Amino acid sequence: MGFLSDLKILYHLALRPVRGHDHAARMENFYAGQAESYDDFRKRLLKGRQELYGSIPIPDGGTWIDMGGGTGANLEFFGDSLARLNKVYLLDLSHSLLEVAKKRIDSRGWTNVETIEADATTFRPPAGQVDVVTFSYSLTMIPDWFAAIENALAILKPGGILGVVDFYVSRKFPAGGLKRHRWFTRTFWPAWFAMDNVFPSPDHVPFLHRHFEPLKFEENAAKVPYVPLVRMPYYLFVGRKRSQG
Ligand SMILES: C[S@@+](CC[C@H](N)C(=O)[O-])C[C@H]1O[C@@H](n2cnc3c(N)ncnc32)[C@H](O)[C@@H]1O
């Protein structure tokens, strides 16, 4: 059963062409056939998520937006602490993944969690600025990722927290202190992931450091299921919105 379910996911990741006339249609087209099996495979592919959600202090009575939150699996990391938040918006463009999230919300009895089918680059929360915005492996799937970060900056209260975990590659000449990846890593992974409209970038990390006060930053690498010998770099960033600018 596990392997058959993996085969289905691998077909969607490696063989099935992604169709759609715009970004939202392409996201839904990509995820519709794999929504129900999404969580199991991504547990092995998307590393660092528990660490990210565990490293952001929960603002009591606050509001948290999970941008590109998919099936809502990451909300499980909060445990009972989820109830301390006044509101959690689980925002995504894929209707099918949000349907899985809705089932999870109902079965867990999470009355403070709301799904929103919207674009992370333009969504404005109805009740004004929020305390936390997170992106877990969604920035690399958002073509205008810089607009998504700028939108998060606008949405966050002064002192609000941004958390990101995602794939990336380093620049050829990274700024002081950042890891440098070899040519193969910088070339192979972007080409590989582009097949699924995932775009690991050398620019996310510098952009995040430029716009937020960094509180936590880690550069790691993880195994990719069924791809032997090589590891895919990912980073974890937690930053605070500065009071000015
Ligand atoms: C790799 S999945 C990650 C899902 C989830 N955050 C996780 O950690 O499992 C990327 C998600 O980003 C969503 N996404 C892509 N572009 C988006 C956009 N512009 N606005 C909102 N969600 C978007 C996709 O539909 C998908 O659910």
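**Exercise 1.** What volume does the largest cavity have?

*Solution.* The model is predicted: local features need pLDDT of at least 70, side-chain atom pairs count only at pLDDT 80 or more, and totals for chains, interfaces and linings use all residues. Residues are numbered from 1 along each chain as its sequence is written, and side-chain values use heavy atoms, without hydrogens and water.

Step 1. Take the term: on a 1 Å grid over the protein atoms alone, a cavity is a set of points where a 1.4 Å probe fits but cannot get out. Grid points are joined across faces, edges and corners, and a volume is the space filled by probe spheres set on the points.

Step 2. Apply the rule: there is one cavity of 30 Å³ or more. The volume of the largest cavity is about 60 Å³.

Step 3. Read the lining (residues with an atom within 4 Å of a point). Among the lining residues of the largest cavity are Tyr168, Arg171, Lys179 and Glu219. Sorted by class, this lining has eight nonpolar, one polar and three charged residues. Here Ala, Val, Leu, Ile, Met, Phe, Trp, Tyr, Cys and Pro count as nonpolar, Asp, Glu, Lys and Arg as charged, and the others, Gly among them, as polar.

**Exercise 2.** Describe the surroundings of the ligand.

*Solution.* Step 1. List the shell, where a residue is near if one of its heavy atoms lies within 4 Å of the ligand. Of 23 residues around the ligand, His23, Arg49, Gly68, Asp92 and Ser136 come nearest. The shell comprises 12 nonpolar, eight polar and three charged residues.

Step 1. Assign elements, which are DSSP runs numbered from the N terminus (helices: H or I, at least four residues; strands: E, at least two). Helix 2 gives the most to the shell, with three residues.

Step 2. Find the polar contacts (pairs of N or O atoms within 3.5 Å). A polar side-chain atom of Arg49 is 2.7 Å from an oxygen atom of the ligand. A polar backbone atom of Gly68 lies 2.8 Å from a nitrogen atom of the ligand.

**Exercise 3.** Which strand pairs with strand 6, and in which sense?

*Solution.* Step 1. Two strands pair if DSSP finds at least two bridges between them. Strand 6 (residues 213–224) pairs with strand 7 (residues 227–240) in the antiparallel sense, over 11 bridges.

Step 1. Inspect the turn. The hairpin has two residues between the strands, and Tyr226 takes a positive phi near 70 degrees.

Conventions:
Near = heavy atom within 4 Å. Polar contact = N/O pair within 3.5 Å; in protein donor to acceptor, adjacent residues only side chain to side chain. 1 Å grid on protein atoms, 1.4 Å probe; cavity = no way out; pocket = protein on both sides within 12 Å on 5 of 7 lines; lining within 4 Å.
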